[in-house]
Amino acid sequence: MATFVLVPGAWNGSWSFEAVVPLLERAGHTVHALTLTGLRPDDENATIASANLDTHTDDVVRHLDRHRITGATLVGHSYAGMVIAAAADRADGRISRLVHVDAYVPRDGDSCWSSTNERFREVFAAGAAATGYAVRPPDGGHTRRRPHPLAPFLQTIRLTDTLAQAPRREFIYCTGWEDRTPFAELRTRLRADPEWQVHDLPSGHDAMHEAPEAAAVNRRSRSRRGSQSLAGQWSITSVAEREPESIGRWARQGIWRAGIKHRRLRGCRPRTRRTRRESPTVSLSSGAYAQRSFVTAPHRGVFR
């Protein structure tokens with residue numbers, strides 16, 4: 001099983017993953033959800049004013065050190081794409097997988113400011129007008145959001161070749177806000193890069209709350225190559241490319257169910273070849289019965 005380190009986007013804390021964490025833990029993974037410096041409820045103004053991209057990168061690296069984490073799957077949402085890229089660059093090969101969830105994927109010398117679109121530059125500038133060091137959250141979002149330090153949006157990132165040691169790099173593109181997203185050109189760029197896997201998710205930008213089960217499936221879908229478990233066979237994108245309208249409907253209705261106890265997705269039965277295998281008699285509260293289990297294997301041409 002994998003170890004996930006989840007890093008929230010701007011204005012958010014660890015609570016932004018509250019719907020995703022239990023799904024990953026139920027699948028047997030170890031999960032760490034972080035809140036970055038300046039975003040904690042008890043952080044003083046001086047702490048917010050002094051925090052920059054290096055501060056947030058140190059938050060992640062210190063967490064890896066403190067918990068002696070190796071082989072981690074590092075997940076960053078939105079702004080946190082900058083953070084996980086810098087952290088992976090400094091983590092001495094302890095990151096096995098990077099997942100950018102609708103997040104910036106910087107190159108050396110980039111900043112969040114230079115990587116985003118004009119709409120979000122205006123959000124940053126207007127939001128920092130009151131204090132000069134903290135950007136208030138945009139209107140209409142979650143009430144638990146807090147002012148975000150301005151400096152991390154402006155600081156350029158410095159990357160070395162160490163980042164390339166992460167053997168798996170994935171980008172999840174949320175398709176539900178095409179009129180505002182700053183990530184459309186990034187998706188095009190990464191699709192042309194053989195070192196990246198690009199997935200589309202039928203959700204708005206806040207995928208962790210809008211479609212938590214779909215987001216969790218994406219994050220664990222290929223955690224074990226060759227796995228015959230449901231998680232090893234299915235990812236949201238492998239199905240969405242074939243039936244995008246159905247998947248979007250399932251995600252909205254909240255009936256996407258995937259886990260180690262499920263052998264199919266509700267409303268969608270994969271074509272499989274079945275091998276019957278008898279298992280021992282088990283006892284439930286309703287009495288004893290002989291359980292028959294099936295081992296499913298991908299049907300050629302259906303699963304990737």
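User: Where does His-205 lie in the chain?

Analyst: In this predicted model, His-205 sits in the loop between strand 8 (196-201) and helix 9.

User: Is His-205 buried or exposed?

Analyst: The cut-off for buried is under 20% relative accessible area. His-205 has a relative accessible area of 19%, so it counts as buried.

User: What does His-205 touch?

Analyst: Setting aside neighbours within four places in sequence, His-205 is in contact with His-77, Ser-78, Asp-102, Cys-174, Trp-177, Phe-183 and Glu-210. With one of these, Asp-102, there is a polar contact of 2.7 Å between the side chains.

User: How do I read a pocket, and how much space lies in the largest pocket here?

Analyst: The general idea is that rolling a probe the size of a water molecule over the atoms shows where empty space is left. In this model, the largest pocket holds about 660 Å³ of space. It is lined by 33 residues, and the closest to its centre are Trp-11, Phe-120, Pro-138, Arg-145 and His-205.

User: What kinds of residue make up the lining of the largest pocket?

Analyst: The lining divides into 15 nonpolar, twelve polar and six charged residues.

User: Which helix gives the most to that lining?

Analyst: Helix 6, with four residues. Helix 6 covers 118-127, and helix 9 (207-210) also supplies at least two residues of the lining.

User: Let me go back to Asp-102. Where is Asp-102 found, and what is its phi?

Analyst: Start with the general idea: most residues other than glycine have a negative phi. Asp-102 is not a glycine, yet its phi is positive, about 45°. Asp-102 is found in the loop between strand 4 and helix 5. At 0% relative accessibility, Asp-102 counts as buried.

User: What follows helix 4?

Analyst: Asp-92 does, and its phi is positive, near 55°.

User: How should I read helix 4 itself, and how many of its residues are buried?

Analyst: In general, an α-helix has 3.6 residues a turn, so residues three or four places apart point the same way. Burial can then be read residue by residue. In helix 4 (residues 80-90), ten of the eleven residues are buried. Among them are Met-82, Val-83, Ile-84 and Asp-89.

User: What do the buried residues of helix 4 pack against?

Analyst: They pack against strand 1 (3-7), helix 3 (53-66), strand 3 (72-77), strand 4 (95-101) and helix 5 (112-115).

User: How do strand 3 and strand 4 run, and how many bridges join them?

Analyst: The two strands run parallel and are joined by six bridges. Val-75 stands opposite Val-99 in strand 4. Strand 4 is mostly covered, with six of its seven residues buried.

User: How far apart in space are Thr-160 and Ala-86?

Analyst: Thr-160 and Ala-86 are 74 residues apart in sequence, and their C-alpha atoms are 9.2 Å apart in space. Ala-86 is one of the buried residues of helix 4. Thr-160 is in the loop between helix 7 (151-154) and strand 7 (168-174). With a relative accessible area of 47%, Thr-160 is partly exposed.

Notes:
Residues are numbered from 1 along each chain as its sequence is written. This is a predicted model: local features need pLDDT of at least 70, side-chain atom pairs count only at pLDDT 80 or more; totals for chains, interfaces and linings use all residues. Side-chain values use heavy atoms; hydrogens and water are left out. On a 1 Å grid over the protein atoms alone, a cavity is a set of points where a 1.4 Å probe fits but cannot get out, and a pocket is an open set with protein on both sides within 12 Å along at least five of seven lines; lining residues have an atom within 4 Å of a point. Grid points are joined across faces, edges and corners, and a volume is the space filled by probe spheres set on the points. Ala, Val, Leu, Ile, Met, Phe, Trp, Tyr, Cys and Pro count as nonpolar, Asp, Glu, Lys and Arg as charged, and the others, Gly among them, as polar. Buried means under 20% relative accessible area, exposed over 50%, partly exposed in between (1.4 Å probe, protein chains only). A polar contact is a pair of N or O atoms within 3.5 Å; within protein, one must be able to donate a hydrogen and the other to accept it, and residues adjacent in sequence count only if both atoms are side-chain atoms. Contact means heavy atoms within 4.5 Å. Two strands pair if DSSP finds at least two bridges between them.
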